[in-house]
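Biologist: Can you put the model up and take me through the side-chain contacts? I'll ask as we go.

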Amino acid sequence: MSRIGHTSSKKQCGKSEKKPVEIYMFIDPLCPSCWALEPILKKLHIEYGRYFSIKHVLSGRLANLNLSKKKNYENIVELWEKTASRSGMSCDSSLWYENPVDSPHIVSIAIKAAELQGRRAGIRFLRKLQEVLFLDKKNISDLEVLNDCAGDVGLDIEEFSTDLHSESAAKAFQCDLKITSEMDVHEIPTLVFFNENVEDEGIKITGTYPYEIYVQILEEMLSERPVQSPPPHLETFLKFFRFVASKEIAVVYNMTISQVEKEMKKLLLKQVVEQIPAKYGTFWRYIEE
């Protein structure tokens, strides 16, 4: 954990919602540790979301890898397996032998293209990319896969296709890389917390930590003690997020995996959800009425 000052490119690269705290989350769509952070981010959003906004910044770290070398594939496979077994957020590393991502750069550009349709659109698109990458083993640098993901999360596909090749998306990605450099980010995921007082330094935290650490940082950045919101009814949670892991439910609701499975089987019988087995653990898809 370290302190960090405000940067010039932070001011230049777009404004976010006016909330007391702004979190810059440095990610790479191919990073399993970013995927593993999803349960904690959901819990933080549900319990304290009214106090902060998140801006996703693409670090470009994995995009710079020469993925054509088999050795790099082996390193990535090992990282995916370790992260999945430790975190409970499944990653199927056989992707790298069966259908490897051959152009990470275009994936980053695609996320910025999606963000041109709104911050929430960009978040939905990023999550969908992670799902089809880590679970469905699809090459997310394939244009057809990118368009399918855009359509699945409700983006205007024609606009997305145009923006994918636009100067705006390319500039937005370059801006992210500039912020990454200025904030001296070398590992992902990294979260940087800023409050409203521009004189105050931000707090930078690299890697993944227990949930309580993120809450402590949030409290430190606020001039008041944040009030914790209770989680919604489980069906409401599922309807909002649509597709979640047992691990995500367990973290948000302070349940064990066996308790989650028991509750979800009730909803399965009621045909509220469908069960999606994964290499590690289980996912659940909400069934539209």
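Modeller: One term to begin with: a charge sits over a ring if NZ of Lys or CZ of Arg is within 6 Å of the ring centre and within 35 degrees of the ring normal. By that rule the charged end of Lys43 sits over the ring of Tyr211, at 5.2 Å from its centre. Keep in mind that this is a predicted model.

Biologist: What does Lys42 lie over, then?

Modeller: Lys42 lies over the face of Phe241, 4.7 Å from the ring centre.

Biologist: Switching to salt bridges. How many are there in the whole structure?

Modeller: A search finds 20 salt bridges.

Biologist: Where do Asp176 and Lys112 sit in the chain?

Modeller: Asp176 is in helix α10, residues 167-182, and Lys112 is in helix α6. They are 64 residues apart, so this pair links distant parts of the chain.

Biologist: And how far along the helix are Glu115 and Lys112 from each other?

Modeller: They are three residues apart in α6, residues 104-115, which puts about one helical turn between them. An α-helix has 3.6 residues a turn, so residues three or four places apart point the same way.

Biologist: Buried or exposed, for Lys112?

Modeller: Lys112 is buried, at 3% relative accessible area. Asp176 is buried as well, at 1%. Glu115 has 23% relative accessibility and counts as partly exposed, because the buried class stops at under 20%.

Biologist: Why is α6 described as enclosed?

Modeller: Ten of its twelve residues are buried, so α6 is largely enclosed by the rest of the structure. Among the buried ones are Pro104, Ile106, Val107 and Ala114.

Biologist: What covers them?

Modeller: The cover includes strand β3 (52-58) and helices α7, α8 (143-152), α9 (157-164) and α10.

Biologist: What is the reach of α6, end to end?

Modeller: From first C-alpha to last, α6 reaches 17 Å, close to the 16 Å expected for its twelve residues.

Biologist: You mentioned α7. Which salt bridge is there?

Modeller: Glu131 and Lys128 meet at 3.9 Å, N to O. Both lie in α7, residues 119-134, three residues apart, and both are buried.

Biologist: New topic, aromatics. How many pairs?

Modeller: The structure holds eleven aromatic pairs. In one of them, Trp35 and Phe283, the ring centres are 6.1 Å apart and the planes are at 5 degrees, so the pair is stacked. Trp35 lies in helix α2 (residues 32-36) and Phe283 in strand β8 (residues 282-286), so the pair ties together parts 248 residues apart in sequence. Both residues are buried.

Biologist: What about Tyr73 and Trp96?

Modeller: That pair is tilted, at 5.6 Å centre to centre with 45 degrees between the planes. Tyr73 is in helix α4 (residues 70-87) and Trp96 in helix α5 (residues 95-98). Tyr73 is buried at 15% relative accessible area, and Trp96 is buried at 2%.

Biologist: Which residues do the ring pairs link into a cluster?

Modeller: The cluster is Trp35, Tyr73, Trp80, Trp96, Phe134, Phe243 and Phe283.

Key
Residues numbered from 1 in each chain as written. Predicted model: local features only at pLDDT ≥ 70, side-chain atom pairs only at ≥ 80, totals over all residues. Heavy atoms only, no water. Salt bridge = Lys/Arg side-chain N within 4 Å of Asp/Glu carboxyl O. Helix = DSSP H or I, 4+ residues; strand = E, 2+ residues; numbered from the N terminus. Buried < 20%, exposed > 50% of the residue type's maximum accessible area, 1.4 Å probe, protein only. Expected span 1.5 Å × (residues − 1). Contact = heavy atoms within 4.5 Å. Phe/Tyr/Trp six-rings, centres within 6.5 Å; stacked < 30°, edge-to-face > 60°.
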